[in-house]
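Q: I would like to go through this structure with you, starting with a pocket and then turning to charged side chains. Could you take me through it?

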Amino acid sequence: MDSKDHLKIEEKVEKQKTGEFTFENIDRYDKLIDSLVNLYPDPISKFNLRQVSCKNLNDDFLNIYYKDQKVRNEGVGNMETVDHENLQNLVSIIEKCGFPKSGQLRDFRGYLGIFVVLQHSDPEWIAFYYNDFKDLVNNCSIPRDFLALLQDRFLLLNDQPQIYGTQMQNGKLYKLVDPESVGQRRRNMGFAETLSVYLSRHGLKLKDELKRLSSIK
């Protein structure tokens with residue numbers, strides 16, 4: 001994620017604060033996710049917490065974010081190892097210092113450190129911190145499309161159709177609920193590009209993917 005991407009995220013946060021993005025009625029989707037979240041037991045009891053300090057939380061969360069981006073964008077380190085270490089650090093910090101509140105971190109990329117760890121973790125960790133993360137989005141610390149990404153990922157991990165079309169599986173678009181209204185859902189969550197453009201970056205055509213998904217029973 002380069003400086004241009006950072007500026008785009010900052011613009012999304014500002015637009016979200018001014019209410020430029022609006023939600024459609026997605027109560028049924030929220031209820032499905034909430035029901036899945038409630039199925040998972042507390043994973044902390046089986047987790048070995050590290051000794052951490054609460055003095056430099058902004059830098060700690062930023063370091064988590066930078067490590068994730070370096071392994072994924074620059075190939076610095078082993079991805080599985082980095083993801084494991086980031087999860088260890090994130091959970092240890094949160095459980096000792098509390099889940100960061102809106103405005104607590106100086107750099108919004110610190111909040112993105114939370115997102116990238118959850119996005120690349122097992123579903124029980126998404127479930128465990130889901131409501132806290134959602135609060136950050138509702139309080140305008142993180143753009144809404146990051147919540148959409150997390151929701152789609154969580155649904156995929158639970159073998160449920162995704163909502164916004166952000167997830168791929170085996171090089172193809174993962175199953176999608178109500179394809180006819182996905183464009184409106186994406187706009188309401190602040191996505192800058194259409195699903196068609198997103199798929200084209202993966203060498204896929206929207207029409208072909210929707211036809212393929214409709215044939216799957």
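This is a predicted model: local features need pLDDT of at least 70, side-chain atom pairs count only at pLDDT 80 or more; totals for chains, interfaces and linings use all residues.

Q: How many residues line the second largest pocket, and which lie nearest its centre?
A: The lining consists of 13 residues. Those nearest the centre are Tyr174, Lys175, Leu176, Leu213 and Ile216.

Q: Which elements give two or more residues to that lining?
A: Strand E2 (172-173) and helix H10 (206-214) do.

Q: And where does the largest share come from?
A: Helix H10 provides the largest share of the lining of the second largest pocket, with four residues.

Q: How do the lining residues divide into nonpolar, polar and charged?
A: Seven residues of the lining are nonpolar, three are polar and three are charged.

Q: Changing topic: how many salt bridges does the structure hold?
A: There are nine salt bridges in the structure.

Q: Let us take Arg72. What does its side chain meet in a salt bridge with Asp68, in terms of N to O distance?
A: The N to O distance between Arg72 and Asp68 is 2.8 Å. Both residues belong to helix H3 (residues 57-74). They are four residues apart there, about one turn of the helix.

Q: Which residue does Asp83 form a salt bridge with?
A: Asp83 pairs with Arg72, and their closest N and O atoms are 2.9 Å apart. Asp83 lies in helix H4 (residues 79-97) while Arg72 lies in helix H3, so this pair ties together parts that are 11 residues apart in sequence.

Q: What about Arg201 and Glu193; how far apart are N and O in their salt bridge?
A: The salt bridge between the side chains of Arg201 and Glu193 has an N to O distance of 2.7 Å. Arg201 is exposed, with a relative accessible area of 54%. Glu193 counts as partly exposed, at 25% relative accessibility.

Notes:
Residues are numbered from 1 along each chain as its sequence is written. Side-chain values use heavy atoms; hydrogens and water are left out. A salt bridge is a side-chain nitrogen of Lys or Arg within 4 Å of a carboxyl oxygen of Asp or Glu. Buried means under 20% relative accessible area, exposed over 50%, partly exposed in between (1.4 Å probe, protein chains only). On a 1 Å grid over the protein atoms alone, a cavity is a set of points where a 1.4 Å probe fits but cannot get out, and a pocket is an open set with protein on both sides within 12 Å along at least five of seven lines; lining residues have an atom within 4 Å of a point. Ala, Val, Leu, Ile, Met, Phe, Trp, Tyr, Cys and Pro count as nonpolar, Asp, Glu, Lys and Arg as charged, and the others, Gly among them, as polar.
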